[in-house]
Amino acid sequence: MENVVDVLIVGAGISGLTTALGLHRLGIRSLVLESSDDLRVTGYALSLWTNGWKALDAVGIGDSLRQNHDQLDGIITTSMISGDKTSELLFPAPEEGGVRCVRRKFLLECLAKALPSGTIKFSSKVVAIEESGLLKLVHLVDGTSIKTKVLIGCDGVKSVVAKWLGFKAPAFTGRCAVRGCLQLDSNHYFERKMSQYAGEGVRAGIIPCDDKTLYWFFTWTPSAEVKEMKRNPVKLKQLVLSMLGEIPEAARVVIEETDVSCFQPAALQYRSPWELMLGNIVKGNVCVAGDALHPMTPDLGQGGCAALEDGVILARCVAEALLKKPSSQEGEKAEREQQKQVEMGLKKYAAERKWRSIELISTAYMVGRMQQSSGVFAKFIRDKILSKFLVGLLLRNAKFDCGKLTPSL
């Protein structure tokens, strides 16, 4: 059986749902295919900076998310070795956008609820893509096929669509992360700030989502195989606790009290900037967004924000192409003209996202390397120089504006 749709989005993650919602706001129906049987919430929470909130406001769900997550006032960095505070940064005021730590499940559910019923099709794994005249023919694991005028890959680091475009699998940085979330019955006593802890080759952080929810992360360079850690979360929890050094006791308790099921290692991956420079983000009526486009390390806290930016800009460019009436009324001519408009729209999207993606990937990689470095000299650079340099990087990347959703027709 073959279905035909205007826009087919592979992946119901942040970029996929934001793109679908942006298109819906502009009057264009899309179909989102998700390989799992429910929304994916790996990672527990994410930092949303000013640029992320501008994107959420563009698709109309920013206010509902703000009401359920605390505004953060700044970031404090403390040494795991001496226990001393090494730097402190105050964030922009709320009227300038602000910063919040948002529960991933809550964000995805807000995006999904704002979409028309039937937009997301779960348990729909894509296994092959092929040409079908002016359209793309997408084959699913259950034997069904879907034809589409526009194919958008938002299917993460193992993207089938990115592979079809010629991209390689993302590279392993040599670093791993563990992330967790602690839900308390009573209020916690952490300040409304990101608390970051830097040690010898390791880094940790604790960020409040609200009065009773704390998100935390830990990154390190593993000596054992990541697969072995996946099979033994108890051992991984013991390892993490043993590497916390002189971290404040209150922070140690948060990680100790987190359920052992949260302790799953994630290999930190990234796409080589050279691949984006030389490769094709777009080919005809096919493109990628989110982690399928720009997998990056979490060291700038911009992965989720960049995915939201992608969604708004992509929805605007696609809508501009599909809503523009062809000059010819003849069937085949009109179809070819519209297809050309789609290709031009996707090229416009690629032009807007290419260098932004390259900058974020490169900066996050370098910052992560320096922050998680070991040795006396590296520690001096990190604590005395990088901490001040990082302030400018965080604020500069957060100033990016994806613009309004409305296309220029």
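Select arginine 66. Arginine 66 is partly exposed, at 22% relative accessible area (buried is under 20%, exposed over 50%, partly exposed in between, with a 1.4 Å probe and protein chains only). This is a predicted model, where local features need pLDDT of at least 70, side-chain atom pairs count only at pLDDT 80 or more, and totals for chains, interfaces and linings use all residues. Residues are numbered from 1 along each chain as its sequence is written, and side-chain values use heavy atoms, leaving out hydrogens and water.

Aspartate 57 is partly exposed, at 40%. The structure holds 19 salt bridges.

Go to serine 123. It sits in the loop between strand 7 (120-121) and strand 8 (126-132); helices (H or I, at least four residues) and strands (E, at least two) are DSSP runs, numbered from the N terminus. Phi of serine 123 is positive, near 50°. Most residues other than glycine have a negative phi. Serine 123 is partly exposed, at 46%.

Next, pick glutamate 131 and lysine 136. Their side chains form a salt bridge at 2.8 Å, N to O. Glutamate 131 is partly exposed at 48%, whereas lysine 136 is buried at 5%.

Now show arginine 316 and glutamate 352, a salt bridge at 3.6 Å, N to O. Arginine 316 lies in helix 10 (residues 303-323) and glutamate 352 in helix 11 (residues 331-371), so the pair ties together parts 36 residues apart in sequence. Arginine 316 is buried at 12%; glutamate 352 is partly exposed at 32%.

Note on methods. Salt bridge = Lys/Arg side-chain N within 4 Å of Asp/Glu carboxyl O.
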